[in-house]
Amino acid sequence: MAREDGRGPAAYGLVMKADRGTTRFLCEVVEVLESFGISRAEAVARLNRSWGSLEFEPYPDLVCHEEPEYWAHRMYYADNAGATVPYWDEGADRGAWAVVPAPPDGDPAWTLPREG
């Protein structure tokens with residue numbers, strides 16, 4: 001996903017209300033989600049499912065006080081309380097971590113065409 005370029009969230013398939021600064025932040029969360037090996041459409045759907053009903057304050061909204069990686073991990077991985085390596089450790093073995101299922105077909109969180 002290209003970095004936010006001044007358009008509103010809807011231009012990126014995002015359903016929440018946010019100003020330009022927060023939209024840039026949301027696009028960064030999507031990019032981190034994509035880095036887990038999922039499509040852009042699924043990354044946007046996960047963000048929409050998690051935060052679609054929210055209306056964000058002007059940048060920096062409270063969510064911006066955590067890194068995009070923090071939120072992306074919480075949208076992608078299930079509760080892995082037994083993990084011994086923090087999520088932000090690039091060397092973390094996430095192979096045993098449970099993945100939260102993507103939104104089901106027909107869910108309104110899917111706003112972009114699925115790829116492949």
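How many helices and how many strands does the secondary structure of the protein chain come to? The chain has 3 helices and 0 strands, where helices (H or I, at least four residues) and strands (E, at least two) are DSSP runs numbered from the N terminus. Read from the N terminus, the order of elements is α-α-α. The model is a predicted one, in which local features need pLDDT of at least 70 and side-chain atom pairs count only at pLDDT 80 or more, while totals for chains, interfaces and linings use all residues. Residues are numbered from 1 along each chain as its sequence is written, and side-chain values use heavy atoms, with hydrogens and water left out.

Some totals for the chain come before the details. Of the 116 residues in the protein chain, 41% are buried; buried means under 20% relative accessible area, exposed over 50%, and partly exposed in between (1.4 Å probe, protein chains only). The chain exposes about 6700 Å², and carbon and sulfur atoms supply 50% of that area. Accessible areas come from the Shrake-Rupley method with a 1.4 Å probe, and for residues only the protein chains shown count as cover. Among contacts with a separation of 6 or more, 60% are between residues 24 or more positions apart. A contact here means heavy atoms within 4.5 Å.

Helix α3 is mostly covered, with 7 of its 9 residues buried. These buried residues are Pro68, Tyr70, Trp71, Ala72, His73, Met75 and Tyr76. Their cover includes α1 (20-34) and α2. Proline 68, in helix α3, has a relative accessible area of 6%. Leaving aside neighbours within four places in sequence, proline 68 is in contact with Phe25, Glu28, Val29 and Val32.

Cysteine 27 belongs to helix α1 and is buried, with a relative accessible area of 1%. Its C-alpha atom is 9.6 Å from that of leucine 47, a residue 20 positions away along the chain. Cysteine 64 also counts as buried, at 16% relative accessibility. The number of disulfides is 0, a disulfide being a pair of cysteine sulfur atoms within 2.5 Å.

Turning to charged side chains, a search of the whole structure finds 3 salt bridges. A salt bridge is a side-chain nitrogen of Lys or Arg within 4 Å of a carboxyl oxygen of Asp or Glu. One of them joins arginine 46 and glutamate 42, at 2.9 Å from N to O. Both arginine 46 and glutamate 42 are buried. The two residues are 4 apart in helix α2, and so are separated by about one helical turn. An α-helix has 3.6 residues a turn, so residues three or four places apart point the same way. Arginine 46 has a relative accessible area of 2%. Beyond its neighbours within four places in sequence, arginine 46 is in contact with Leu33, Ile38, Met75, Tyr76, Val99, Val100, Pro101, Ala102 and Pro103.

Another salt bridge links glutamate 34 and arginine 40 at 3.9 Å, N to O. Glutamate 34 is partly exposed, with a relative accessible area of 21%, and arginine 40 is partly exposed at 35%. A further salt bridge pairs arginine 114 with aspartate 105 at 2.6 Å, N to O. Arginine 114 is partly exposed, at 47% relative accessible area, whereas aspartate 105 is exposed, at 64%.

The side chain of aspartate 61 does reach the backbone nitrogen of valine 63, at 3.0 Å. That is a polar contact, a pair of N or O atoms within 3.5 Å; within protein, one must be able to donate a hydrogen and the other to accept it, and residues adjacent in sequence count only if both atoms are side-chain atoms. Not counting residues up to four places away in sequence, aspartate 61 touches Thr22 and Phe56.
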